[in-house]
Amino acid sequence: MLAKTGVQLFVLSSRLTPLRPALGNLCRQQLQELPQRKEVGTALWLQQTRGYAKGKDRKKEKGGKGKPVKVEINELHLRELINLDSLNAQMEKSVLQMKDDFIKNLSLRSTSGAIDTLRIKVDGAEHELQELAQISRKNPKTIIVNMIAFPQTIPDVLRAIEKSGMNLNPQQDGTTLFIPIPKVTKEHREHLSKNAKVLFLKYRDAIRDIQNSQIRKLKNKTDIGKDDVFAAQTQVTAIADKYIAEADKLLASKQKELLGEA
């Protein structure tokens with residue numbers, strides 16, 4: 001029996017001997033290809049995860065210099081989650097108020113009309129200056145504001161004039177304010193242009209506050225999935241960006257006008 005087994009092993013060994021070089025070559029070939037396959041697998045993994053890049057990496061992938069990605073607004077779906085009309089109305093109101101402030105407070109030659117509608121905050125409520133005082137012109141270079149009807153509001157009026165961005169320096173004489181109209185100089189133009197930027201930043205922040213308030217409301221809803229919340233949040237941000245871009249165009253136009261570049 002042992003002799004027979006020995007013969008069988010010898011025959012099998014003899015048959016495998018010619019195959020050993022081929023098997024060796026095959027193994028060596030597979031070993032050589034192994035690093036290449038590993039690299040290919042790594043590249044595929046990186047390609048799949050590039051979609052999850054954050055921050056600066058995402059900016060580079062999307063166009064180099066942080067170019068914003070265009071977000072499609074799905075109004076039909078968004079209306080199911082938020083009051084879209086109210087959101088648009090609030091943001092549009094900020095842009096219109098900014099435009100109104102530009103017209104009233106940032107003219108090269110301050111007029112009594114601009115002073116008339118200057119908003120004065122008194123005890124938490126807003127009033128136009130013409131509701132609190134008698135406004136007239138002493139001469140083409142001086143505006144007179146008679147505060148005899150509401151003398152207690154003079155500090156509020158002076159504060160509002162100072163913050164109006166019109167570069168006015170009123171002189172008080174009892175209950176009367178004398179407001180010299182500044183000359184149109186290069187410095188005056190530049191000052192008004194800076195004040196236009198200050199007003200823009202004020203209303204830009206107001207739009208962002210509206211955006212953030214809406215996003216907080218979305219996140220507090222328990223009947224909406226995370227994916228829907230994220231999609232709605234992205235669209236709300238895109239809507240805010242649209243109104244801010246509109247305000248930015250108004251700023252650029254106003255600054256050109258004030259600097260004499262229009």
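Which side chain does a polar contact of 3.0 Å join to that of N88? Point 2 takes this up, after a look at the whole protein.

1. **Overall picture.** This is a predicted model. The protein has 262 residues, and 29% of them count as buried. Its secondary structure comprises ten helices and six strands. Take the contacts with a separation of 6 or more. Of these, 63% come from residues 24 or more positions apart.

2. **N88 and its partner.** The answer to the opening question is Y243: its side chain and that of N88 are joined by the 3.0 Å polar contact. N88 sits in helix 5. Is N88 buried or exposed? N88 counts as buried, because its relative accessibility is 19% and the cut-off for buried is under 20%. Leave aside residues up to four places away in sequence. N88 then touches I239, K242 and Y243.

3. **Helix 5 against helix 9.** The axes of helix 5 and helix 9 (residues 186-219) come within 10 Å. They cross at roughly 170 degrees. Angles over 145 degrees count as roughly antiparallel, so helix 5 is roughly antiparallel to helix 9.

4. **Who meets whom.** On the helix 5 side, the contact involves L87, Q90, M91, S94, V95, Q97, M98, D101 and F102. On the helix 9 side, the residues are A196, L199, F200, Y203, A206, I207, I210, Q211 and Q214. Sorted by class, this contact has twelve nonpolar, five polar and one charged residues.

5. **D101 and R119.** What is its partner? The partner is R119, with the closest N and O atoms 2.8 Å apart. D101 lies in helix 5 (residues 84-105), while R119 lies in strand 1 (residues 119-122), so the pair ties together parts that are 18 residues apart in sequence. The two ends sit in unlike surroundings. D101 counts as buried, because its relative accessibility is 5%. R119 has a relative accessible area of 33%, so R119 is partly exposed.

6. **D85 and R79.** Here is another salt bridge. The side chains of D85 and R79 meet at 3.1 Å, N to O. Why does D85 count as partly exposed? Because its relative accessibility is 48%, and exposed would need over 50%. R79 also counts as partly exposed, at 40% relative accessibility.

7. **K254 and E257.** These side chains meet in a salt bridge of 3.2 Å, N to O. Where do the two residues lie? Both K254 and E257 lie in helix 10 (residues 226-258). They are three residues apart, about one turn of the helix. K254 is buried, because its relative accessible area is 10%. E257 counts as partly exposed, at 39% relative accessibility.

8. **A network.** Some salt bridges share partners. In this way D100, D101, R119 and E126 are joined into one network. How many salt bridges are there in total? The count comes to nine. Among them are D85 with R79, D101 with R119 and K254 with E257.

9. **What to look for.** Find N88, with its polar contact to Y243. Finish at helix 10, where K254 and E257 both lie.

How values were computed: Residues numbered from 1 in each chain as written. Predicted model: local features only at pLDDT ≥ 70, side-chain atom pairs only at ≥ 80, totals over all residues. Heavy atoms only, no water. Salt bridge = Lys/Arg side-chain N within 4 Å of Asp/Glu carboxyl O. Buried < 20%, exposed > 50% of the residue type's maximum accessible area, 1.4 Å probe, protein only. Helix = DSSP H or I, 4+ residues; strand = E, 2+ residues; numbered from the N terminus. Axes fitted to C-alpha atoms, helices over the stretch in contact; angles between N-to-C directions. Parallel < 35°, antiparallel > 145°, perpendicular 65-115°, else oblique. Contact = heavy atoms within 4.5 Å. Nonpolar A, V, L, I, M, F, W, Y, C, P; charged D, E, K, R; others polar. Polar contact = N/O pair within 3.5 Å; in protein donor to acceptor, adjacent residues only side chain to side chain.
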